[in-house]
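Please look over the fold shown here. How are its sheet, its core and its helices put together?

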Amino acid sequence: MTGSHVPWSVEVQTVEGATRLRLRGELDAATAAELRERVAASTTPEVHLDLTEVTFMDSSGLAALLEGHRLLAESQRRLVLLERSEVVQRVMDLAGVTAHLTDRD
C-alpha cells in the first residue's frame with residue numbers, strides 16, 4: 001500500500017455553542033472508543049463532526065457515529081456531520097445511513 005500514514009488525533013473546540021470535533025486519521029476499532037467518549041462527554045446542544053481528514057473508516061467507526069447520534073438524540077441533542085472525506089461518505093452510502101446521519105430536522 002502506498003501513501004503516508006496520518007496519525008489519529010481529535011481536535012476539540014467549542015464553536016458558537018456547539019462542540020466541534022475534528023478527526024484525523026483512521027476511524028476504526030482502535031479509535032472508535034475515543035470518538036464515543038468525546039461525544040458522551042460533550043455538554044453542548046450539538047456536536048459537530050469534521051471528518052474531512054479521516055483516511056479510513058470501518059464498521060467500528062460507523063457504529064461509533066451511529067451510537068453518538070442515538071446518544072445525543074436521547075437527550076434532545078444533535079450530532080451534525082459537517083464535512084467528510086470520500087472514504088467516510090462511501091462507507092456511509094454502502095451502509096445506507098447517509099440520510100439518517102445527515103438529517104438536520
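The model is predicted. Four strands make an open sheet, ordered β1-β2-β3-β4, with mixed pairing. The edges are held by β1 (9–15) and β4. Each has a single partner strand, so one side of each has no neighbour in the sheet. On average, neighbouring strands are turned by 20° against each other, direction ignored.

The β3 and β4 pairing is parallel and runs over five bridges. α1 packs on it and touches β1, β2 and β3, its direction making about 180° with that of β2. α3 packs on it too, touching β3 and β4, at about 100° to the direction of β3.

## The nonpolar core

The largest nonpolar core has 23 residues. Within it, L35, L49 and M57 touch the most other members. At least two residues each come from β2 (18–27), α1 (32–41), β3 (46–57), α2 (59–74), β4 (78–84) and α3 (86–95). β3 gives the largest share, five residues.

Beyond its neighbours within four places in sequence, L35 contacts L21, L23, L27, L49, A64 and L65.

The buried residues of α1 are A32, L35 and V39. Seen down the helix axis, they fall within an arc of 60°, so they line one face of α1. They pack against β2, β3 and α2.

The face turned away from this buried side carries E37 and A41, which are exposed.

Conventions:
Residues numbered from 1 in each chain as written. Predicted model: local features only at pLDDT ≥ 70, side-chain atom pairs only at ≥ 80, totals over all residues. Heavy atoms only, no water. Core = buried A, V, L, I, M, F, W, Y, C linked by side-chain atoms within 4.5 Å. Buried < 20%, exposed > 50% of the residue type's maximum accessible area, 1.4 Å probe, protein only. Contact = heavy atoms within 4.5 Å. Arc of directions from axis to C-beta. Pairing = 2+ DSSP bridges. Axes fitted to C-alpha atoms, helices over the stretch in contact; angles between N-to-C directions.
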